[in-house]
Amino acid sequence: MPASSQSGRYRRGVGVAAGYWLYLWQTGSTVELAIKGGRIAASCAVQDIGTGTRSVIANTVAKAFDLEPQDIDVSIGRSNLPPGPGSGGSRVTASVVPPTLLAIEKLKAEIQRTAAQRPIPGSNAPWRELIAAAPDLAVSAKRPEDHKPPPGVRPALREAGFMGMVFGWVLRLMNHMVVGAGVPSSVQVMEVEVDTWLGHVRVLNAYTGLAIGKLAAPALARSQAAGAVIQGIGYALYEARETDPGSGHILSGSMEDYRIPGIADMPRLEVHFDEAGFEHVPGGSVGIGEVATVPTSPAIANAIRDAIGVRLTEIPFRPDRLVAALKGRNAA
């Protein structure tokens, strides 16, 4: 229902926004797989800052051997382990899955070559039996280059022309970061309800669609996408760093003073994935972290505009700013 046809205190609107993030991976990323005491152990010096890197590695290995993720011992976060990517920029999955897949093939070959006994004929868990019968051993693999992308799919920096190509070259040379071909993308639809008396905005329904290649850990990806939308809602409606204009001291430096979304602020949330489009990436998986939250705040802004017919241009969309905009003046 357009804003012009709505009346009364509460008004609803729908907003749509799309976004993308660079597809990044880090050169030199290495994963080691070993048999230790009849169990598979994976190791890499990558950090896990809460985004589930352990689960990504464990899921990838477990799937290849018909095991459960809890059957894989994952060691990360120590500098004496094989080098891994930094945890940022949505590059971890795209950096660790390809070498993990290569190491899996090496480990399978070594297990079959060295196992003391073969699985029982008709066994429903042949790899489990082979692993239990194998001696302690270790293999490792380094992140390979991507395959040739399909026609028309290029690194995003090349679209920026010569300077983009130079920046990409410097990024690889100095930071060991590669901007790969294709871009992880997302589209979001937000439905909001606006209280025109008090200026309060409530997100009722949130729909997000993500094109990030194959899901290395489906439950984890869905949870991370939902968390990214929640973060975007906070960015749009509540969160702000307030400083003292005289001293520069931060006034919202604790969770008592810094407003973030709570359970009552949460909308009904649906997440959908398109797993095609990155077949040139070994393993087919790229990052989800940034791209999942890029469209949230503009989609909410568009929904507010749809509901009340007024465009807010400063975040967070606080009640005082909304009421002031409805009255045709600037907020204090």
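Which residues does Ile111 touch, not counting residues up to four places away in sequence? In this predicted model, Ile111 is in contact with Ile35, Phe65, Trp127, Leu130, Ile131 and Ala134, once residues up to four places away in sequence are set aside. Ile111 belongs to the largest nonpolar core, a set of 33 residues, in which Ile111 is listed together with Leu33, Ile40, Phe65, Ile72 and Leu107 as touching the most other members. Two or more residues are given to this core by each of the strands S3 (30-36), S4 (39-44), S5 (72-76) and S6 (137-142), and likewise by each of the helices H1 (53-64), H2 (92-114) and H3 (126-133). The greatest contribution comes from H2, which supplies seven residues. Another core, of 23 residues, lies apart from the largest one and includes Val194, Tyr238, Ala299 and Leu322.

A helix pair was also examined. Two packed helices are described by the angle between their axes and the distance between the axes. For helix H5 (residues 218-237) and helix H6 (residues 296-308), the packing angle is about 55° and the axes are 8 Å apart, which means that H5 is oblique to H6. The crossing in which H5 passes H6 is right-handed. On the H5 side, the contact is made by Ala228, Val229, Gly232, Ile233, Tyr235, Ala236 and Leu237, which meet Thr296, Ser297 and Ile300 of H6. By residue class, the contact of H5 with H6 comprises seven nonpolar and three polar residues, with no charged residue taking part.

Definitions and conventions
Residues numbered from 1 in each chain as written. Predicted model: local features only at pLDDT ≥ 70, side-chain atom pairs only at ≥ 80, totals over all residues. Heavy atoms only, no water. Axes fitted to C-alpha atoms, helices over the stretch in contact; angles between N-to-C directions. Helix = DSSP H or I, 4+ residues; strand = E, 2+ residues; numbered from the N terminus. Parallel < 35°, antiparallel > 145°, perpendicular 65-115°, else oblique. Left-handed = near helix turned anticlockwise from the far one by under 90°. Contact = heavy atoms within 4.5 Å. Nonpolar A, V, L, I, M, F, W, Y, C, P; charged D, E, K, R; others polar. Core = buried A, V, L, I, M, F, W, Y, C linked by side-chain atoms within 4.5 Å. Buried < 20%, exposed > 50% of the residue type's maximum accessible area, 1.4 Å probe, protein only.
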